[in-house]
Amino acid sequence: MEGENVENKIKELFSRGMELLLTYEKEFHLEWRLVKKELINRKFELLQQFDQMIQIGYEVAGGNESISIDQFTLSMATEWNKRFPVLENDGDAIFIITIIENTFHDILAKHKANLLDHQAIQSIFSRMTDQVLMTNQLELQSEKWLNLMLSTKIFPIHWMSIVHHQQGEYCVHRVVCRESSGTQDQLIHICEGLKGKQLSDLTLALGRLLTDSKEEGKMVHIPCMNDHLLLFMPVEAAVTDQQRDWFRSMYLRQIKLNHLRSELEWKDAALLYLQRLLHTSSSREAVEAISQGLVDYMPFKRCGLFIYSPNDERGIGVFGYNLEPRSIEQIRENIHQFPLLKKYFSLLSNSKPIYISDASEVLPEKYIQSYQLKSLVVVPIYVPTYNKLIGVALLDQGERSEFLVSTQTMSTLIKFGQYAGELLYQYWEDALKEFSIGHALLTPREKDVLRHISMGESINETAEALDLSSYTVRDYVSSIIQKMDARNRTEAAVKAIKMKII
């Protein structure tokens, strides 16, 4: 009974999400036109495809009032597979899905929607993300499975191939050969990617490229949904219908298991991260949990966390994990002059993580030298429900470390950044107060002086109230102006009040 109740609640949440999508359809299309202009300028290749999918999505949603979330996402996935080839870059697809979701969150925020409405939208787009997540990882699993089948020696197979059938065209996806066959890697590379209108044409081409002219054998064809397995084995080898069925069932099983495994892996990591964040009760605990979790559950070794201060438009270092914490907390940068943000701000503002092979291209030399930086990943700390970028996390794999990042990792980091954003937003003002320039650098006596100045008192009045000489107060004021990066004492006082220092 309890399971049924939970299931019904999820269904209700999804139904509410669909209702919101339809309610704000016209408003969304207006906003989407503006978003598209920016994406077109940045030359996202999948934009046209997603534009079509948005129209299809509204047709599916509007044409069936009782459609379930699984039926909806399956319909969308089916339409995508009919119209477009296999994705080469899951990251761009997930990024555009996230932008579409963020557009809806922005619309809901304008209408002052409640948290449950935002979660209803999230439930739809999270399921949509699942459909495109990990494609590249599953492609690699196909080769592992083919090699496993060869190594079992159940059949005397010389080589095997997986052929995809999409949009009326056959394409060779993977080829593996026994080591004893002596087939060169270059030939295998040539075979992978071959296309043809007829499966027989590809079969003939593979046979000529992979088989020695003196070698006799036969090709066994096993259809598996939209895929086709081609097995080349000796002429005398017998393959029964039962063996064909076994081979087919093993292939379909590995597809399902690999999909579930990869999906569960990123969800397990995200769940562990979320649980860690929920145990925090202060701004200090929040920034520590965010930074440590990005390293403990993701393939990185160091993390520097920075938050955005809107009052003085600076990025403020708040925590370093496996770094000297105090060194990070001393960093203050004007976001409009910082090369990393100038180059990638629009992407980060839409919650897209950025991989940078050479950090010297986007960070000042002083940081490259201080932290011995090489490759870098920048994760936006983003709040979906308020459509706000409130910080970034910089991740790497240690001093002078060059590395690559999988699509799976980059996709998972989108959710990590959003979880971190939702948590940190609760403590944002407290964090700004705790880690801001004034609180980090002003002494208690300087705060006393600034408090009196903010009330309109003169230098002499402040000196008399604090039992100090006017010269000493002038020295304090000069130090305060410099530390607060202000033009005069009035501006320093205004900044201090906005930042809740006094």
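In strand 3, G196 is the bridge partner of Y170. The structure is predicted, so local features need pLDDT of at least 70 and side-chain atom pairs count only at pLDDT 80 or more, while totals for chains, interfaces and linings use all residues. Residues are numbered from 1 along each chain as its sequence is written, and side-chain values use heavy atoms, with hydrogens and water left out.

Strands here are DSSP E runs of at least two residues, and helices are H or I runs of at least four, numbered from the N terminus. Two strands count as paired if DSSP finds at least two bridges between them.

Strand 2 (residues 169–177) and strand 3 pair in the antiparallel sense over two bridges. They belong to an open sheet of five strands in the order 3-2-1-5-4, with antiparallel pairing. Strand 3 (195–196) and strand 4 (218–224) stand at the edges with a single partner strand each, so one side of each is left without a neighbour in the sheet. Helix 9 (residues 199–210) lies across strand 1 (159–166), strand 2, strand 3, strand 4 and strand 5 (227–233), and runs at about 30 degrees to strand 2. Such angles, from 0 to 180 degrees, are taken between N-to-C directions of lines fitted to C-alpha atoms, for helices over the stretch in contact; contact means heavy atoms within 4.5 Å.

I turn now to strand 6. Seven of the eight residues of strand 6 (residues 302–309) are buried, so this strand is largely enclosed by the rest of the structure. Buried means under 20% relative accessible area, with a 1.4 Å probe and protein chains only. Which strands does strand 6 pair with? Six bridges join strand 6 to strand 11 (residues 388–396), and seven join strand 6 to strand 7 (residues 314–321); both pairings are antiparallel. G304 has L394 as its bridge partner in strand 11 and stands opposite G320 in strand 7. Strands 6 and 7 form a hairpin with four residues between them, and in the turn E313 has a positive phi of about 50 degrees.

Finally, a helix pair. The axes of helix 18 (residues 444–454) and helix 19 (residues 459–466) come within 9 Å and cross at roughly 130 degrees. The contact is made by R445, D448, V449, H452 and I453 of helix 18, together with I459, T462, A465 and L466 of helix 19.

How values were computed. Buried means under 20% relative accessible area, exposed over 50%, partly exposed in between (1.4 Å probe, protein chains only).
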